[in-house]
Structures are given as structure tokens and as C-alpha cells.
Amino acid sequence: MERPFAITLEVGSSRHNKTGTWRVERPVYVDRLPPCNDACPAGENIQGWLYHAESGDYESAWRKLMEDNPLPAVMGRVCYHPCQTACNRGKLDEEVGINSVEHFLGDLALDKGWMPETAAADTGRTALIIGAGPSGLSAAYHLRRLGHTVTIYEAGANPGGMMRYGIPKYRLPREVLDGEIRRIEAMGVEIVLNHKVNDLAAVLAEKRFDAVFLAIGAEIGKRAYVPAGESARILDAVSFLHSMEGQAPPLLGRRVAIYGGGNTAMDAARTAKRLGATDAVVVYRRTRDRMPAHDFEVEEAVEEGVEMRWLSTVKHADAGKLLLEKMTLDEKGMPTPTGEFEELEADSLILALGQEVDLELLRNVDGVVATDGVVQVDRNMMTGVPGLFAGGDMVPGERTVTVGIGHGKLAARNIDAWLRGTSFSKGGRPELADFDLLNTWYYSDAPQTVRAKLDVARRRSTFDEVVQGLDESNALFEARRCLSCGNCFECDNCYGVCPDNSVIKLGPGLRYEFDYDYCKGCGICAQECPCGAIKMVPESI
Amino acid sequence: MLEQIEGSQAVARAVGLSRPEVICAYPISPQTHIVEALSVAVKSGALEHCEFVNVESEFAALSVAIGASAAGARSYTATASQGLLYMIEAVYNAAGLGLPIVMTLANRAIGAPINIWNDHSDAMAVRDAGWIQLFAETNQDAADLHIYAFRLAEQLSVPVMVNMDGFILTHATERVDLPSQEQVDAFLPPYAPRTYLDPADPVSIGAMVGPEAFTEVRYLASLRQHEALSSIEQIDEEFGEVFGRRPCGFFSSYRMEDAEIVAVAMGSAVGTLKDAVDDMREQGVRVGALGLRTFRPFPADAIRSALSGSRSVLVFERAHSPGFGGQLSADIAATLRSVEPTVHSVVSGLGGRPVTRRSVASAIQASAKGELGLETFLDLDESLLKREVTELGTARRSSATGGAVAQIIESSGPQGAR
Amino acid sequence: MPFQPIKFYQTGSFVVGNRLLSEDQRSVQSSQARTNSLTLGHRACQGCGEALGARYALDAAMRASGNQMVVANATGCLEVFTTPFPETSWQIPWIHSLFGNSAAVGTGIAAALRSKGKQDIRVVAQAGDGGTVDIGFGPLSGMFERNDDVLFICYDNEAYMNTGVQRSGATPPAARTATTDAVGPHPGEDFGKGKNLPLIAMAHEIPYVATATVAELRDLEYKVEKAMSFHGARYIHVLVPCPLGWGSAPSDTIRLSRMAKETGLFPVFEAEGGEVTSVSKIRHRLPVEEYLRPQRRYQHLFRPQPDTQTIGRIQAIADKNISRFGLLNGEPK
Ligand SMILES: Cc1cc2nc3c(=O)[nH]c(=O)nc-3n(C[C@H](O)[C@H](O)[C@H](O)COP(=O)(O)OP(=O)(O)OC[C@H]3O[C@@H](n4cnc5c(N)ncnc54)[C@H](O)[C@@H]3O)c2cc1C
Ligand SMILES: Cc1ncc(C[n+]2csc(CCOP(=O)(O)OP(=O)(O)O)c2C)c(N)n1
Ligand code: SF4
Ligand code: SF4
Ligand code: SF4
Ligand SMILES: [Mg+2]
């Protein structure tokens, strides 16, 4: 067509007008650290694996998770999920049920027989790990992935440490544990069972291994002194629970008292209940709110008929009965005796007062420092002895499976560096994706999905798993509740809301780019990014 | 085919024969009969492939035509007087956008005082808008000019306004030779727009143009108007071939051969002029008449050569710019800048006052005797004015700036009262 | 709800795209193949809601019409910032004629297409609030009344922005404009003035009338698509914040649109044949104060002391809208 001069213009010709020169601030894409990832002791990239789960690509989600943690099915059951406590969604409605999705993915992987990524090419380097608890297994897994030859010496008849000999079946079915450990073995990790290391110095002297990771846990039950008559039946919770893995469960009698207020006390009480105790009474010095046991554990215990005796100490134990002293809390919250006493009928008393590390094997090793009963390590998880690393319950820190796994991973990365003669650095910590960086208006209102529980009658009498996994649709729903804090999840909002068409969409999985030739720097994209993945920075002029 | 027919009906028929695709109009006397007839033709199905839009105002009428034309449809509207002013923004716009809309202007005076009768103030109000403005002398002319206007508009991408005197032509029944559809089709090909709103080839029409190019846009518009002059000659020729009636060109000339005095007019008054010329010739006055058909573009060269041999030019003009004078005479005077004749403005026929053969003749006579002033209001009713003029004069004189105004009144008053 | 949001998909349908939705559930704007009816390099201010609203609406109309569409535009910012010679930002067939005639130009285009039997090509006419509720009202009402096959879109930024922020018939009470300055005993626009064009459009009983904002893209696209499913006169009134005229941060354009709706000041609804058929419910109700405060045009309501009485009157308007249209969940409509 003939175009009449000036009045009629060729479409799209304004591209010649580069409006980018108007800008005083420019938007940039950032990946911020989601609080969940920040809080995960195992260093999982939770947002990262939820991203895949959201789209129903569970295998990718699982693989992403497996980059940091080899035991998702276990985690999904026993982890106390500090990630959820930190989760930003908690400030909106309820936190994302990260743990339940992990549970689902872990089970699905076992069900489908997914195997971890094959190990990197053999490095010819060898590592010894002592103890096949979560920390040892995690280190083994990560070292193997990095191509090293790994051997575990394990004192027990079966691997798993406290996951097997502490945590009861109704919380962690053994098939699940076995399945996940078997996967690690299948990668080529050698686990030598019934092999207790009594003298580490001797092992080190053999020089068969280029590096050693110690993860023997804290397996000795603390035995507070309780004055007792001769026929009183007193046992410690660790041994009690350990014996559950044997053929014959111990005889406790009908009325059982458990002394202590931690998770172990709850497990002991609930196990006693399942073994047939009519009464299972937890005796604790302080009040419920000061109990170290998690709320959910107390709740579940109470649901199952466990009774609680707060503000009480055991003064004396006799056959069939205990003498308790009532306590009161002083201003500092310390329990102080009141001089009032009462009796409690009990056929046995289980002490659940904490665990200690058995440092016996270290006696001939020079350079390892133990303070307050735990082994000191540096930032790299290395003890005072070069090439000797330690982690899990035996080093300072919180004693959980997840922390142990995190230690194992961190140690493995450092051992790898050590074996290669380099040093491992974690890299800079990205900015935290705080809640106020989010534009939460965009997220659908969606309350958390709660995992179903076994009915109470069955819980009281069997060791069947209490907490049921989510089904696919629930897991998907839950994954999709994730706000993807601080990380682009390709919602296309920036691409849509730019009045200047200055966001280039690169296609699925490739995210976006700014077209700085035209972007005027209005900041709408940053303001409207739901997850806080765009930052405005001053233009340097 | 020869028919005894009302002017409006003839025009409606001619427009219909031009196969318009969109017609939109808002009623105003004396245009109503034209659009009524067209609406019937469309509604009855007699006129096919055409939309008739009953709009809510003249502003909308021309705006609809603008939209339709920009979308590639042959578009037509009609109005007069107040209606034209109500759409004036769109009048300029249609021209600026180069849209070949054809509009009938059934010329009528502009109020206040409201007046439905004929004069040319409406046409003069938009003479600078960039439209081609043609004036019909007779109803035959009016009918022919519409067919002609579509051809011209589309060839040049310029809107064309066909002026016909309200009532005098629109409501007069005369013999008109209406062409056949075949003839019209042979003369007027289907509209092939220069550019239009087409999803297959999108453009942006109606850009904002600043100082950097506005002058050039205007220059080109002027160039196109000049181009029109040669197109008119060429189209006249083709028109003659198809219809066996050659249009008059830029103007009709009557007994001009040796004329010392030439009477000039546009529209229906030309006929009266011719009669008066005959009368005066009988009395031995060497007078001729020139009926201007093409007012915009203004055929300056042709007018200059037609009038250069005369002594006086009497412009009988049906509009007047208060505070200045007649617009047509000003244009002619400007054209004759360097040649001899004196241009006299004879303001005549305002608001429907008849331009009579006698009055025209008396003006010619005055001119022949050298008694005609430079500006004359024909047939001015002195008695009606007397009181007003005196009062106004007194009032002005008593005020500080009154002198100049009063003088104009005085100088025009007595002349007009002749 | 005019637009049933898709739930359970993380952001459901609140964001532009959402990779989790199936292709047919995604917005037009999320597509790499969207028309970009209004493209790069236009000269709108930073954060201009009108530029955004126009692209949203026209891209949706392009999709709905299978790219067979023509647009008539009134004078105003949208025209000026898109087509200064020698550049145009439009990528669709587009015409600008005058300030007050875009509806009539639309009518003309529609008539042309009808006479040529090309009714598959759809017509959109558009204008700012001034070009709609004031100067363009006559032709618009005529277009409605004749039920011409035109979709008219009003981009309402609540004043004559292009000429420097003067009051229009869509300027809300108390808002400061250059001709309703924040001076005198009653600063800003008077209460009790202005017209509600969506309701006036409904009174014409045209097939479809809807309101929308640039904050709810999916709703806006749904409405454009719905409108395009009808023939005859249709009207969509889109609230488009203007950082310049409202004295708001350019980055707040969408946020303010959202708040206009969430306070109830700008009811979002649709109507067929003159009857309201659905309303977009308020998701998280806000007091009007939160909407007014970030805008400099309402600054005099907060300085030196909050003018609680005037703010209360504005709140009353919101409350009235809420009950009139049933904007809260659980309220009928
Ligand atoms: C009853 C109970 C319930 C718990 N519940 C939870 C829970 O729900 N969630 C949670 O996160 N944490 C829980 N914990 C804590 C958690 O189990 C431990 O923090 C975690 O298992 C520590 O892992 P680790 O690898 O350091 O040690 P362990 O799990 O204790 O493993 C140490 C391993 O080393 C082996 N070993 C020890 N000494 C030697 C040696 N000399 N030679 C060779 N092998 C040796 C042991 O046999 C054992 O297999 C619970 C603990 C208990 C006791
Ligand atoms: C007939 C006419 N009157 C006045 C103007 C001046 N004018 C141009 S744009 C405009 C304001 C436009 O306001 P609105 O329609 O609300 O659009 P906005 O610029 O706010 O988007 C005015 C008054 C004009 N161009 N034409
Ligand atoms: S919403 Fe998602 S990314 Fe954010 S903290 Fe929770 S789980 Fe992590
Ligand atoms: S919305 Fe567009 S123009 Fe505004 S800052 Fe982002 S990319 Fe730039
Ligand atoms: S003045 Fe307002 S409407 Fe006009 S371009 Fe600027 S932001 Fe947009
Ligand atoms: Mg406006």
C-alpha cells in the first residue's frame, strides 16, 4: 500500500526509540535464599525440589532432594522439620508441609525403585567411616558420589544407628529404612557389620584409608542416681528401645513410669503402651511448655493413653511403686522441691534422661579434643587430627537425624577436598528471601494438607506406622502451596506486567531476561514479582 | 434518461448510482430529502451492499464516514449550515487524513439568527479545511457532480464537497438527465483505497505530527489540490465521453468574448446572472458572466486569463466575512493582483434573499457607469437598517475606539442603500 | 465471580502465566506469541497503567478475533505516546481521528466491514475517560443505542492526563487535579459529581458491559474475550492508574488498581443486557485510607492532620458500592 506521508506510519516503528535511556534504576533477577533452605540442617534445596514436585515431576524432585540428602523417606518421617518453622507461608496461612511432600517422594522412590545418580569416576582414594548411623551413611553416600571408595565399620548387626535402635517402628517402619540404606550400598558403599572399632589409633596406624569420618553417635543412656529398693525394676530408654529390635521384648509389667521429658521419653512411653502396659506415666520435673519433647509427640502420646505427671521428681523406687516429690518452678524456671510427696504405682521405671558419647575408642589418639563429653571439630568437621573428621551426635550441636545427615554431607565435601588436596568453600550466602519481599497477593488461598493418622485403637496395640503418607493429589497440592521464596518460578508475571514490553520470555525452564534497551525502570516487575526474585538497583550513570 | 425530478431526488439517485457503501447523515433542512431518499433506497434493498447509519449528530455523521472510508468503503454524507459547523472538527480531520469522502452541502445560512434559507456562509466557513469544493449551477449539474466527485475524490484521496443551493436547487423540480448504471459504472471504478485499515497489512493512520514535518504535510496537501486542477480537466474529458455531456470545467463562461464587465457567481445565481447579462447586452453593455464551479482548488490561472481582458469584475457572493468583506471576491482579487480589472464585491443572496435578474442588472449598470463601490450589499433594505445604523453609530462614536467602526458603517451604509 | 479462579495451583490464576496450568488455561499475556499490539519504544511515562491496559485488552481481543481486528483511538495520552511521527508503537490496524469521535469512527468501520461482508473483522474503539464520559459521550451513546458492532474500551485514569491532569467526569471526589486543586475549604474534586459510565452503558441495554482493572489480568482477558463473543455494542471500562496524574510511584500502578478494587471504590463486575450477571468479590478487604494514602492527589486528606471526615465520606462510597454490588463474599450477586 502507498503510505501517505507522516499521517500513516509503518507498524512497530517505535522500536527505534530506545526508552532504556530514561532509566535511573534497573531491575535485575536474583536468586535469594529461601528461609526453608536456610533452616534445613541437611542443607536441602527445598524450594528447588518442590519446584519439580509442583509440576508433578516427582522423579526430578526426588533427584534434586537426593543431591543433599540420601534418606528422603526417613526424613519425611523423623525429621523435626525446622524448615517448616521457618517457612514464609506460615506467616500467610500455614507453613508448607515440606516434610509430608518429602515423605511422599521418599516412598515413591522406594516404590518405583529409583536409584541415585551413578557415582563419579573412581578417584582411587579411600575413606573409612565409623558408624552406620545417619551421619555416617550420609557421609558415605556423598563421598561415594564423588567417586571415592568408601567402607563403613559398624558395630551393630544392622546399619542405621539410632534410626533403627532408637526410633520406634511405628514412626519409622524398618522396610523404609532398609530400602534407603540398601540404595546406598548399591552405589558401592561397603558396610562391614558387627565391626566395632575399639581402638581408633590402631586403625589409623594401618593407613589403609586416606581419610576417616567418625560418626559413632551418643548411645549411652544417662543414668541419674535414683535411690531404689533391690527389687525395683529400672532400665534406661536407650537400651529399652534397642532391645525392641531383638527377639524378645523386655518385660515391663502392667504399670510403667518413664522419667524424663524428651522425645526419647515419649517414644519409650508409647512403646511401653504398645507392649501392653495399662498405665504408661511420664514423670517430668517441669511443666509441659518446658518439655524438650515436641508438641506433636506429646500430643500423639496423650492420644494413645500416655499419662503425664508434671512437676515431679522420682525420689525413690521400689517394687511396684515410686515415691514422687512435687516440684515448683522458681522465677528462673528452675524446678525446686516442695517437700510434698506422693506415690505412683509402677512395675518398672524407664530412665530417659539423655545420652552420652562413648569416647573409649579415642583413648590412644592424640590431638582429638573432647569437651563436655563431645568431640570438637573445626568449620570443616575435622578434628585436631589431620584427615580425621567427625559428625553427628558425637560432636556439639543438636542431636537429630537431620543434623547428622548435614554433618555427613559437610564432612564429605571437606574430606573430598582434603583427598584432592584442595579446600572446600561453601560459596557466598545469598540474601535471605524475607517474607516482606514477597507479594503474597498472588498466591491462592490454600490451607495445609494434614497427613492422616492411624486410628487410636490400632496405635495403642500395634507398631503400625502412625502417620500416613499423602497421596499423589495431596502431595501435589501441598507442593504447590510453596511460595518459591526468592526464586523465580516462571509465573510470567514480570513478562506480563511490564508496560514497556521489556521483559523477554526465554521459554520453559529458561526464565526471562530484561531488555535494557527499552526498560524504563518503573519497578512494576519487581513490585509484582510474587516471590521477590527481582531487585531494583540504581543505574550507574 | 430525462426526468422531471426534484433536485434532492436527483442527487439521491446519482449518489445511489455511484454505489456508495456507507451512508450516514443527520437531518437538517434543506438536506433532508436527499438522505431520506437514500435511506429508503437502502432499506428497501434497491441500493445493495450499502449501510445507512442514522447517527446522533453531524459530528458523528462525518466521523462515521471517516471510519468507513478509512476501512476502505465508499462513504457519503450530507449536511448544511449548523450541521456543517457541528462537524467542523471532523471536516478538517477527513481532509487531513486524505479520506475520499463525498459530502453534499445543501448550502444554507448560519445562525444566529437561525435561518434555513440559502447562502454560502457554510461553505465559506470550511473553505480552508482542505476539501475540494464544487458548486452546482443546476440540478443537472448537482446530479452529475456527485458521480464526478466520487471519481475525483478517490483518484486524489481528497474529500469532495458538492455544494448545491438549499431549496433553490434541493427543492426545485427540473428536468434532469439521469445516467444509467452502466454509464456510471463505466466512469466510476470500484473504490481502490490508497491505504486502509487492513488486518493483513496493518498501518497506523492519524499520527501526531510536530513542527518537524507539519509544514511539509500541509505543503503536500496544497500540492494535491493543485494536482486536482489537472485531474479535473482529464476527468471532465472522460465524463464527456461516457455521458455525452461535457462538464463546464472550472467555470462556465457566458458571453465573455468582448466583455468589459464580468459578473461572477457560484451556484444557482449563475443562471440569473446570465439572464441579466442578456438584458444588459440588449442595452449595449459589454458584459459577460462567469459561473465558478470549482472553488477549491481555486483555478487561479484560468480565472486570471478569463478575466484579464475586462475592466470590472462584479462578484455576486452569497457570504460575507464581517469586518472584512466577501470571501470569493477576495480570492478573485488576489488572483488578479497584477492585471487590470477592478474587483467589486456584490454581497448578495444572504440567508435566502433572492438574487434577482433586476438587481443583478442594476449592479452591472452601476458598474458600467463607474458608480459601483468596491463592496456593495445588493438590495439592502435601508429602512430596516436606518435606526440600527444610527444607534450603533452614535454608540461607537461616543466610545474611545468608536471612530473607525462608525466610519465603516457610514461608508457601507449609504452605498448599500443605493 | 466473572472469572472462576483456578485454585490449588500455587498462584492459581492470579499471576500472568503459571507454568503449572495447561496451555488453554493460560493468559494471553503469558504467551511468547502474544501480539504486543502496543510494542516497544512507546513514550508513556514510567509505569503507565494505560499502556499496560491497552496491551492487555487489545492482545486479548486480537486472540479472540483470530487477529482480525481494527482499532479506532481517541485523542489522549494513549494516542500521543504511541504515534508521534515518525514512529508508531502499534502493530495492529489503528486509526486516530479526533478526541470525541472514536465511537463513531468505530461505527463507521463496522458499517464499512458490514457492507463489504467482512464481518469476521472485529472493531474496537477506545478512549481515555475524558474521551469516553465527557467529549466522546454523544457518539458513544449513539453507538450503544444503535447497537453497532463495536467493542468500546475506556481506559479510565480519572482525569484528562494528556493535557496536564484536569478534571473529567470520571474524577473521583476529593481528588486533586489541575482544575480541582487542593485549595480552599473543600480541596479537590467535589463530592456528588461525576458519572458512572458502566451503569449508563447498562441503561442502554447493550449486550455486554464490564469493568476491570490492570491488577486482574485474567479477569480482564476473560471479559475482553467474553465481549468478543457478542456482536453489537459492548463496553469495557478499565481502571488504569496514572503515576503522573495520581502522584503515585510508577511501581505502584498495579498495586493501586488492586487496592481500588479491594476497597470497593472500583467495583469490578459484568452485565449482560443491562443486568449485572456477576461481580468480582473482594479478596482481602481494605480500608480506603490505604488506597488513598500513597497517592499525592489525595495528599491533602492526610496533611497536616488526617481529614477523617472526608476520608469517612470516601469510605462511605466504598461501603455503598460493596452493598450495592455485593462485593463481599457471601453477599448475593
Ligand atoms: C529414641 C530416640 C528417638 C529419636 N527420634 C528422633 C527423631 O524422631 N528425629 C530425629 O531427627 N532424631 C531423633 N533422634 C536422634 C537421632 O536418632 C540421632 O541424633 C541420630 O541418629 C544421630 O546419628 P549419628 O549417626 O550421629 O549416630 P547414631 O545414629 O547413634 O549412629 C551411630 C552408629 O555408630 C555405631 N557405632 C558406635 N560406636 C561404634 C564403634 N566403636 N565402632 C563401630 N560402630 C560404632 C553404632 O552402632 C551406630 O550404628 C532420636 C533418638 C532417640 C534415642
Ligand atoms: C476537541 C478537543 N478538545 C480538547 C482537546 C485537548 N485534549 C487532548 S487529549 C485531552 C485529554 C484526554 O483525556 P482522556 O480522554 O481522559 O485521556 P488521557 O490522556 O487521560 O489518557 C484533551 C483535553 C482535543 N484534542 N480536542
Ligand atoms: S514457601 Fe516454599 S520456598 Fe518459601 S519457605 Fe516455605 S517451602 Fe520454602
Ligand atoms: S516493568 Fe518493565 S519497564 Fe518497568 S522496571 Fe520492569 S522491565 Fe523495566
Ligand atoms: S500521563 Fe498518565 S496516562 Fe499519560 S502516559 Fe503518563 S502515566 Fe500514562
Ligand atoms: Mg484520562
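Me: At what angle do α3 and α5 of chain C pack, and how far apart are their axes?
Reply: In this predicted model, helix α3 (residues 102-115) of chain C and helix α5 (residues 137-145) of chain C pack at about 35 degrees, axes 7 Å apart. Axes are lines fitted to C-alpha atoms over the stretch in contact, with angles from 0 to 180 degrees between N-to-C directions.

Me: Which residues make the contact?
Reply: Ala103(C), Ala104(C) and Thr107(C) from α3(C), with Pro139(C), Leu140(C) and Met143(C) from α5(C); contact means heavy atoms within 4.5 Å.

Me: Numbering and cut-offs?
Reply: Residues count from 1 along each chain as its sequence is written, with chains lettered from A and ligands numbered from 1 in the order written. Local features need pLDDT of at least 70 and side-chain atom pairs 80 or more, while totals for chains, interfaces and linings use all residues, and side-chain values use heavy atoms, without hydrogens and water.

Me: Switching to chain B. Why is β5 described as largely enclosed?
Reply: Because 6 of the 6 residues of strand β5 (residues 102-107) of chain B are buried, meaning under 20% relative accessible area with a 1.4 Å probe, protein chains only.

Me: Which strands does β5(B) pair with?
Reply: Strand β4 (residues 75-79) of chain B, parallel over 4 bridges, and strand β7 (residues 160-165) of chain B, parallel over 6 bridges. Pairing takes at least two DSSP bridges. Tyr76(B) stands opposite Val102(B), and Leu105(B) has Asn163(B) as its bridge partner.

Definitions and conventions. Helices (H or I, at least four residues) and strands (E, at least two) are DSSP runs, numbered from the N terminus. Buried means under 20% relative accessible area, exposed over 50%, partly exposed in between (1.4 Å probe, protein chains only).
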